[in-house]
Amino acid sequence: MVVLVTGASGQLGQSIAFIASKYPEIQFIFASSNDLDITNEDRVTTFFDQNSIDYCINTAAYTAVDKAESESDKAYRINVLGSQYLAKACQKSGTTLLHISTDFVFDGTASVPYTETDTTNPIGIYGKTKLEGENEVTAHCDKHFIIRTSWVYSQFGNNFMKTMLRLALDRDALNVVNDQIGTPTNAVDLAETLLTIIQSNSTMYGIYNFSNEGVCSWYDFAKEIFRVNAISTTVNPIPTEAYPTPAKRPAYSVLDKTKIKTIFDINIKSWQESLLQT
Ligand code: NDP
C-alpha cells in the first residue's frame, strides 16, 4: 500500500515519519513543499499520474494563525486551492484522501465539546480558509476523511510546547492565557490514528474529531509542560485581553471524540499521559 504524506517537513509530517518504521506494509512517499507544492495544480496532477497512490495524508497547510490576517491570499491559495487540487487528483486516481483540519472552524461560543455536525463559524482567516478547504475536499473527492484536531504539539517543528521550553531558558516567569479552553494533541498520537484509519480499510468517509482526552487552558498546559520537565519557571495566568493577538481565537474548542473512538475502536490517552511520553 502506498501512502503519500504532503507537508512532510511540518510537525505532523515529521511525526508520521517518526513512526513509519512500525508500519512495514506501508510504502510511504514523504513530500515536502519543495517536492510537491500543493498550490501548483499541474504539479499535483502530474505527481498523482506518475505515482500509484492508495492514500494521501494532507498535512500541508498555511498554519500561521496571526500572520494569516495580513496574508489572506497566501492562506487561501494553500488551504483552499491546494486542498482542492489534491482532492481532484485523488478523485481522478481513486486515492483516499485524509485531510487534516482544525478546531478553529468553530467560533468557541459552545460550553460542551463540539461534535462533527455542530455549526461551524470561524472567527479568523486561518479558520475560514481551513473550513473552505474542508468544503473543497468534500466537493471534489468522494473517498475522504477530514480529521479536525486541536493544539498540536511534538518534538518537531514549531508549537506551544517548544515555545514554552525555549522561553523558560531565560525567563523566571511567564504569563499564559487561562481563559482559552481546549485540548492538546500529541502529533504522534494523531499520526498513529491516521494510520489506524488507513489500515482499517474503512469506507466510513466524512468528518472526524481527534485530540487527546481531557480539557485544559493554555495556562494549565504550560504548567504541566514545566512540571514534567522539572523546570522551575513560574507561570502566571492572564486573560486573553492582556495578550492581544492579530487573530482572535475560539474561547472554547474542545472536540468530542465519540465518533472516531466508536468507528475505529481506538483508545485515546489523556493529554497529561501523552505529554509524559513526548
Ligand atoms: P506545520 O506548519 O508544522 O506544517 C505545515 C507544512 O505544510 C509545512 O511543512 C509547510 O512546508 C507545508 N506547506 C506549506 N505550504 C505548502 C505548499 N504550498 N505545498 C506543500 N506544502 C506546503 O503544521 P502542522 O504539522 O502542525 O499541521 C498539520 C495540519 O494540522 C495542518 O492542516 C494544520 O492546519 C492542522 N492543525 C494544526 C494545529 C496545530 O496546533 N499545529 C491545530 C489544528 C490543526 P514549508 O515549511 O516548506 O513551508
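How near do the axes of α3 and helix α4 come, and at what angle do they cross?

1. The axes of α3 and helix α4 (residues 125-140) come within 8 Å and cross at roughly 15°. That makes α3 roughly parallel to α4, where angles under 35 degrees count as roughly parallel, over 145 as roughly antiparallel, 65 to 115 as roughly perpendicular and the rest as oblique. Axes here are lines fitted to C-alpha atoms, for helices over the stretch in contact, and angles run from 0 to 180 degrees between N-to-C directions. Helices (H or I, at least four residues) and strands (E, at least two) are DSSP runs, numbered from the N terminus.

2. On the source: this is a predicted model, in which local features need pLDDT of at least 70, side-chain atom pairs count only at pLDDT 80 or more, and totals for chains, interfaces and linings use all residues. Residues are numbered from 1 along each chain as its sequence is written.

3. The crossing of α3 and α4 is right-handed (left-handed if the near helix is turned anticlockwise from the far one by less than a right angle, right-handed if clockwise). Among the residues that meet are Ser72, Ala75, Tyr76 and Asn79 in α3 and Ile125, Tyr126, Thr129 and Lys130 in α4. By class, this contact of α3 with α4 has seven nonpolar, eight polar and four charged residues. Ala, Val, Leu, Ile, Met, Phe, Trp, Tyr, Cys and Pro count as nonpolar, Asp, Glu, Lys and Arg as charged, and the others, Gly among them, as polar. Two residues are in contact if their C-beta atoms, placed from the backbone, lie within 7 Å.

4. Helix α2 (residues 41-50) also packs with α3, at an angle of about 25° and with the axes 9 Å apart. α2 and α3 are therefore roughly parallel to each other, and their crossing is right-handed. From α2, Glu41, Val44, Thr45 and Phe48 meet Tyr85, Leu86, Ala89, Lys92 and Ser93 of α3. The contact of α2 with α3 has five nonpolar, two polar and two charged residues.

5. Helix α5 (residues 160-168) and helix α7 (residues 218-228) pack at an angle of about 60°, their axes 10 Å apart. They are therefore oblique to each other. Phe160, Met161, Met164, Leu165 and Ala168 of α5 make the contact with Trp218, Phe221, Ala222, Ile225 and Phe226 of α7. By class, the residues of this contact are ten nonpolar, no polar and no charged.

6. The ligand is surrounded by 29 residues, and the closest are Gly7, Gly10, Ser33, Ala60 and Ala61. A residue is near a molecule or strand if its C-beta atom, placed from the backbone, lies within 6 Å of it. The shell around the ligand has ten nonpolar, 17 polar and two charged residues. Its largest share, three residues, comes from α1.

7. Gln14 is in helix α1 (residues 11-19). Gln14 counts as buried because it has 21 C-beta neighbours inside 10 Å; a residue is buried if 20 or more other C-beta atoms lie within 10 Å of its own, exposed if 12 or fewer, and partly exposed in between, with C-beta atoms placed from the backbone. Leaving aside neighbours within four places in sequence, Gln14 is in contact with Ser9, Phe156 and Gly157.

8. Asn51 lies in the loop between α2 and β3 (55-58). With 14 C-beta neighbours inside 10 Å, Asn51 counts as partly exposed.
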